[in-house]
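Please look over the following structure before reading the notes. The briefing covers chain contacts, a sheet, a helix and a domain division.

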Amino acid sequence: MGEARERTNRDMLRVRDAVDRDFSEELDLETLAALAHVSPDHLVRTFRSVFGETPHRYLQRRRIERAMFLLRTTDLPVTDVCLQVGYTSLGAFSELFAGIVGQSPSTYRAVAKPTPAHTSFVMAWTRPSTHTHPSISRKRPPVADD
Amino acid sequence: MNLSYTRLSSIYVLDQDEALDFYVGKLGLEVATDADLGFMRWLTVRVPGDQREILLERPGPPAHDPATADDVRALVSKGAGGGWLAFQVDDVDAAHDELVAQGVEITQPPSDMSYGRDFGARDPFGNNLRIGNVPAAS
């Protein structure tokens, strides 16, 4: 029981790391599921059981966290930020960003401050909570796992 | 009181032999102490020549009851064990390429950050590692 749980957790962590690393790519469930040697449906169920949210929800939060980073630390136009984090529609990106963060990308940029902390801490601690805003669940999923 | 440096820190590993293979065999650390204390295997590693040691601690009795040990192991395996190590190198990209060649899981490729250049990796158990060239804080 214990070892099986550890193997499952480690497989799911491998998937989560792939989302963290390749968030700007067109990630599909089949590719992620293959990393854990499970079916897409099994991946969604197991990932949610281990981390409390679906891979799609995690991907959304990862992309928005990265967008927040780029807005804080660069002068890139919001359109470029949108494209760099994996979205192709500025309107959809801005709506999602506002829904999760509670501010538009440009307003966030105006008030945010850079941070000197290490990447993995910044990544984890600036990632908007999955429960931050209910509108996140209404967004069209780039990974159809719900 | 003036504390001079961090002499010993600790992370949880799920298998100490596998940890040795990774931290010594792949990462290039050296064994500082490997002693059977009876109640536990005291296993520490360090950067060659460094005074700072890292205890590779296996969760389990008698420090943990079996249920707690299972919980700790589960947390480590999903990257929530609390262990986190950062190492300094001269050439970040060369270190990255070397670890890739050895099959180490990379969580983030070498990237320029506000504090320096670094990349992310995981040990076999789920612990997070950062390896980079980060100027010392002034």
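How many residues of chain A are in contact with residues of chain B? The answer is 17 residues of chain A, which are in contact with 20 residues of chain B; two residues are in contact if their C-beta atoms, placed from the backbone, lie within 7 Å. This is a predicted model, in which local features need pLDDT of at least 70 and side-chain atom pairs count only at pLDDT 80 or more, while totals for chains, interfaces and linings use all residues. Residues are numbered from 1 along each chain as its sequence is written, and chains are lettered from A and ligands numbered from 1 in the order in which they are written.

**Where chain A touches chain B**

- H1 and helix H8 (119-126) of chain A each supply at least two residues of the side that touches chain B; helices (H or I, at least four residues) and strands (E, at least two) are DSSP runs, numbered from the N terminus.
- H1(A) gives the most to this side, with 10 residues.
- The side of chain A that touches chain B has five nonpolar, six polar and six charged residues. Ala, Val, Leu, Ile, Met, Phe, Trp, Tyr, Cys and Pro count as nonpolar, Asp, Glu, Lys and Arg as charged, and the others, Gly among them, as polar.
- Helix H1 (residues 2-22) of chain A lies across E6 and E7 of chain B, at about 25° to E6(B). Axes are lines fitted to C-alpha atoms, for helices over the stretch in contact, and angles run from 0 to 180 degrees between N-to-C directions.

**The sheet in chain B**

- Four strands of chain B form an open sheet with the order E5-E8-E7-E6 and mixed pairing; two strands pair if DSSP finds at least two bridges between them.
- Strand E5 (84-88) and strand E6 (105-113) of chain B each have a single partner strand, so one side of each is left without a neighbour in the sheet.
- E6(B) and strand E7 (residues 116-122) of chain B run antiparallel and are joined by six bridges.
- B:Ser111 stands opposite B:Asp118 in E7(B).

**Helix H2 of chain A**

- In helix H2 (residues 29-36) of chain A, the buried residues are A:Leu32, A:Ala33 and A:Ala36. A residue is buried if 20 or more other C-beta atoms lie within 10 Å of its own, exposed if 12 or fewer, and partly exposed in between, with C-beta atoms placed from the backbone.
- The buried residues of H2(A) pack against H1, helix H3 (40-51) and helix H4 (55-73) of chain A.

**Domains of chain A**

- Chain A is divided into domain 1 (1-52) and domain 2 (61-137), with bounds from an automatic or database domain assignment.
- Five residues of domain 1 are in contact with seven residues of domain 2 in chain A.
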